[in-house]
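This briefing summarises the fold, the dimensions and the solvent exposure of the structure shown below.

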Amino acid sequence: MVVVVAVLVLVSVVVGVVVVVLVVVVVLVVIFVVVVVVAVLVLVFVLVVVVVVVVAVAVVVVAVLVLVAVLAVFVVFVVVVVLVVVVVLMVVVATVVIVVVDVVDVVDVVDV
């Protein structure tokens, strides 16, 4: 009878140890899986944030470049308009000078 009790105690201790080891292994596996899943989620979140930031910066850069191009076209337009006005004024001044010189020549000829 003592041997049967000793065997039962030994079996219960072994089963208890196996159950404790299995529980510890399962808990460690669950913790590892949770840590890996959280790490992957954080990595995905960081990558999404980086992609969003890169896209936002690219949009801002493109917008600035378009603005610079529009301003450059406007500046070129203003320069062309100013040059046309200057050329027209030069033609008008030259015409007036030619007319005045002709009138002065005519007056000189009439005076003589």
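Val 100 belongs to helix H1, which covers residues 2–111. The model is predicted. The protein chain contains one helix and zero strands. With a radius of gyration of 48 Å, well over the 13 Å that the globule rule gives for 112 residues, the protein chain is therefore more spread out than a compact globule.

**Dimensions**
- Along the principal axes, the C-alpha atoms of the protein chain occupy a box of roughly 165 × 10 × 5 Å.
- Between Val 61 and Val 100, the C-alpha to C-alpha distance is 57 Å, at a sequence separation of 39 residues.

- Of the 112 residues in the protein chain, 0% are buried.
- Val 100 has a relative accessibility of 46% and so counts as partly exposed, a class that lies between the limits of 20% and 50%.

Notes:
Residues numbered from 1 in each chain as written. Predicted model: local features only at pLDDT ≥ 70, side-chain atom pairs only at ≥ 80, totals over all residues. Heavy atoms only, no water. Helix = DSSP H or I, 4+ residues; strand = E, 2+ residues; numbered from the N terminus. Buried < 20%, exposed > 50% of the residue type's maximum accessible area, 1.4 Å probe, protein only. Rg over C-alpha atoms; globule rule 2.2 N^0.38 Å.
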